[in-house]
Protein chains: 2
Amino acid sequence: MINGLDHLGIAVSDLDGAIAQWTQITGGKLVHRECVESQRVDVAVIEIGSVRVELLSPTSPDSPVAKFIASRGPGLHHVALQSDSAQGELDRCAEQNARLIDRTVRPGAENSRVGFLHPHALGGVLLEFVDHSTAE
Amino acid sequence: MINGLDHLGIAVSDLDGAIAQWTQITGGKLVHRECVESQRVDVAVIEIGSVRVELLSPTSPDSPVAKFIASRGPGLHHVALQSDSAQGELDRCAEQNARLIDRTVRPGAENSRVGFLHPHALGGVLLEFVDHSTAE
């Protein structure tokens with residue numbers, strides 16, 4: 001079951017510049033930085049009230065985020081919904097023949113488990129399911 | 001002060017098709033439909049756990065959402081943050097010389113008051129401030 005928003009993913013070209021913009025404009029706070037090697041991105045997490053924004057800056061031209069920026073420019077990249085079971089959401093979507101990027105969950109930031117739907121499944125929106133439950 | 005997410009705005013070409021996709025994929029529920037004349041959009045609100053998604057379908061080719069779809073295709077359109085005072089957020093941003101679409105708030109869906117920043121102020125992200133307080 002989906003409980004709510006986990007975070008919003010924003011593609012940025014200049015991570016330090018984006019951190020300065022977001023904290024200044026929204027009054028939010030930088031709470032975490034991490035390199036997610038599997039996605040070839042540097043991640044900065046900004047908390048704005050109860051909203052978590054992940055600023056994603058590619059570390060390599062073959063990063064999915066680099067390709068996104070090359071084709072669409074920086075901006076809103078994905079929506080991550082928090083679930084009791086990211087794998088359960090992927091299974092449910094697969095039963096509905098929705099197009100998936102991940103058929104099984106993989107490691108996300110901060111020890112989460114994540115899985116992505118293909119944007120074609122949802123009118124151009126890249127949706128991520130996240131759970132923070134302990135590994136089974 | 002910003003409290004959290006008010007809603008996510010998603011640009012769609014086919015509102016009924018998008019409602020079917022979103023409710024099926026996420027398990028969310030359709031809770032509201034409205035035509036917002038000032039923006040020339042039909043709006044359908046989907047609740048997914050604590051997340052509100054506004055599906056926005058243009059009713060005219062000169063709607064801002066129609067122009068967005070024409071240039072970028074359907075997908076994530078804007079992020080709306082809930083504040084105690086949308087006007088207060090606009091004033092704060094103006095003091096920082098951030099580029100604004102609205103210098104003063106205007107009526108939004110469901111009797112809210114809303115104001116938009118220009119996407120150039122925030123690395124390509126269209127940000128909306130919303131408050132649901134009673135008019136002063």
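## Close-up views of a two-chain predicted model

**View 1. Polar contacts cross the interface of chain B and chain A.** Across this interface of the predicted model, 11 residue pairs are in polar contact, both residues at pLDDT 80 or more. A polar contact is a pair of N or O atoms within 3.5 Å; within protein, one must be able to donate a hydrogen and the other to accept it, and residues adjacent in sequence count only if both atoms are side-chain atoms. Salt bridges between chain B and chain A number zero. The term means a side-chain nitrogen of Lys or Arg within 4 Å of a carboxyl oxygen of Asp or Glu.

The model is predicted: local features need pLDDT of at least 70, side-chain atom pairs count only at pLDDT 80 or more, and totals for chains, interfaces and linings use all residues. Residues are numbered from 1 along each chain as its sequence is written, chains are lettered from A and ligands numbered from 1 in the order in which they are written, and side-chain values use heavy atoms, with hydrogens and water left out.

**View 2. The side of chain B that touches chain A.** Strand 1 (2-11), helix 1 (15-26), strand 5 (75-83), helix 3 (86-95) and strand 8 (127-131) of chain B each give two or more residues to this side. Helices (H or I, at least four residues) and strands (E, at least two) are DSSP runs, numbered from the N terminus. The residues here divide into 20 nonpolar, 15 polar and two charged. Ala, Val, Leu, Ile, Met, Phe, Trp, Tyr, Cys and Pro count as nonpolar, Asp, Glu, Lys and Arg as charged, and the others, Gly among them, as polar.

**View 3. Area buried between the chains.** Chain B and chain A bury about 2,900 Å² between them. Carbon and sulfur atoms carry 64% of that. Buried area is the accessible area (1.4 Å probe) that two parts lose on being put together, summed over both. Ile25(B), Arg72(B) and Leu76(B) supply 24% of the area that chain B buries against chain A, more than any other three residues. The contact (heavy atoms within 4.5 Å) takes 37 residues from chain B and 37 residues from chain A.

**View 4. The open sheet of chain A.** Eight strands take the order 2-3-4-1-5-8-7-6, with mixed pairing. Strand 2 (29-36) and strand 6 (106-107) stand at the edges, each with a single partner strand, so one side of each lacks a neighbour in the sheet. Two strands pair if DSSP finds at least two bridges between them. Strand 1 and strand 5 of chain A run antiparallel, joined by eight bridges. Gly9(A) stands opposite His78(A) in strand 5.

**View 5. A salt bridge between loops of chain A.** The side chains of Arg40(A) and Asp62(A) meet in a salt bridge (2.9 Å, N to O). Arg40(A) lies in the loop between strand 2 and strand 3 (41-48), and Asp62(A) in the loop between strand 4 (51-58) and helix 2 (64-72), 22 residues apart.
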